[in-house]
Amino acid sequence: MAGRRNGHGERPRIGVLALQGDFREHIQILERLGAEPVEVRRPEDLQGLDGVIIPGGESTAIGNLMVHSGMLDAIRSFFYQGGAVWGTCAGMVLAASATTGPSQPLLGIMSALVERNGFGRQVHSFEADLEVKGFDRPFRGVFIRAPYFEDVGPGVEVLAEIDGRVVAARAGKVLVTAFHPELTDDTRFHEYFLREVCGSDERS
């Protein structure tokens with residue numbers, strides 16, 4: 001996977017939203033895989049990117065920072081112009097079109113109803129082996145104050161579930177995971193994002 005090129009014969013340039021949360025871990029894995037990571041804090045940082053990752057953290061805080069920095073509208077526009085987006089944990093919340101909890105800023109780029117902190121608070125954090133669609137062996141998911149999708153709309157492909165709760169899904173150029181692949185040594189979700197989502201011509 002190292003050194004993989006995008007459709008233009010160059011290393012894929014992947015932005016990682018760096019307003020709050022565990023963005024550094026994503027950057028380290030992207031570097032290992034031969035991509036060119038870019039810390040994203042302002043709308044102009046999205047220029048020339050193949051995809052952007054919205055990392056874990058506190059979804060309301062990240063959402064408010066995105067509004068104040070102009071990043072909410074900028075990432076939404078980036079997506080609708082063909083850019084790939086991957087939301088992990090808080091990023092999964094932000095990608096959804098609706099939430100069961102209190103109102104908060106949402107990108108609304110995946111048709112889904114999200115349950116914030118669906119698996120409980122920090123003390124209820126856990127790990128689980130997940131059967132992921134398209135993966136040849138289970139993926140160890142790290143869940144920290146994790147959300148889940150209570151319902152998904154048409155065009156959303158469910159990739160993994162726990163007890164009927166959707167914890168990974170894809171719709172065209174948007175990918176979401178309720179867990180933290182960047183906190184493991186397993187790079188398969190990052191590879192999947194680079195290969196299948198950034199390299200796809202689909203949109204949701």
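Me: Why does Asp45 count as buried?
Reply: Its relative accessibility is 17%. Buried means under 20% relative accessible area, exposed over 50%, and partly exposed in between (1.4 Å probe, protein chains only), so Asp45, at 17%, counts as buried. This is a predicted model, in which local features need pLDDT of at least 70 and side-chain atom pairs count only at pLDDT 80 or more, while totals for chains, interfaces and linings use all residues. Residues are numbered from 1 along each chain as its sequence is written, and side-chain values use heavy atoms, with hydrogens and water left out.

Me: What makes the contact between Asp45 and Arg42 a salt bridge?
Reply: The N to O distance between the two side chains is 3.5 Å. A salt bridge needs a side-chain nitrogen of Lys or Arg within 4 Å of a carboxyl oxygen of Asp or Glu, so this pair qualifies. Arg42 also forms a salt bridge with Glu44, where the closest N and O atoms are 3.6 Å apart.

Me: Are Arg42 and Glu44 buried or partly exposed, and why?
Reply: Arg42 has a relative accessible area of 47% and Glu44 has 46%. Both values lie between the two cut-offs, so both residues are called partly exposed.

Me: How many salt bridges are found in the whole structure?
Reply: The search finds 13. One of them joins Arg188 to Asp186, with the closest N and O atoms 2.7 Å apart. Both of these residues are buried. Salt bridges that share partners join Asp136, Arg137, Asp186 and Arg188 into one network.

Me: What makes helix H5 mostly covered?
Reply: H5 spans residues 188-197, and eight of its 10 residues are buried. They are Arg188, Phe189, His190, Glu191, Tyr192, Phe193, Leu194 and Val197. The helix label comes from DSSP: helices are runs of H or I of at least four residues, strands are runs of E of at least two, and both are numbered from the N terminus.

Me: Why is strand E1 called largely enclosed?
Reply: Four of the five residues of E1 (residues 13-17) are buried, so the rest of the structure largely encloses this strand.

Me: How do you know that E1 pairs with strand E2?
Reply: Five bridges join E1 to E2 (residues 36-40), and the two run parallel. Pairing requires that DSSP finds at least two bridges, so five are enough. Leu17, for instance, has Val40 in E2 as its bridge partner.

Me: Why is Thr88 called buried?
Reply: Thr88 has a relative accessible area of 0%, so it falls under the 20% cut-off. This residue is found in strand E4 (residues 84-88). Its contacts (heavy atoms within 4.5 Å) include His26, Ile54, Thr177 and Phe179, leaving aside residues up to four places away in sequence.

Me: Which residues have the most contacts inside the largest nonpolar core?
Reply: They are Ile75, Phe143, Phe149 and Val167, in a core of 70 residues. Helix H3 (residues 71-80) gives this core its largest share, six residues.

Terms used:
A nonpolar core is a set of buried Ala, Val, Leu, Ile, Met, Phe, Trp, Tyr and Cys residues joined through side-chain atoms within 4.5 Å.
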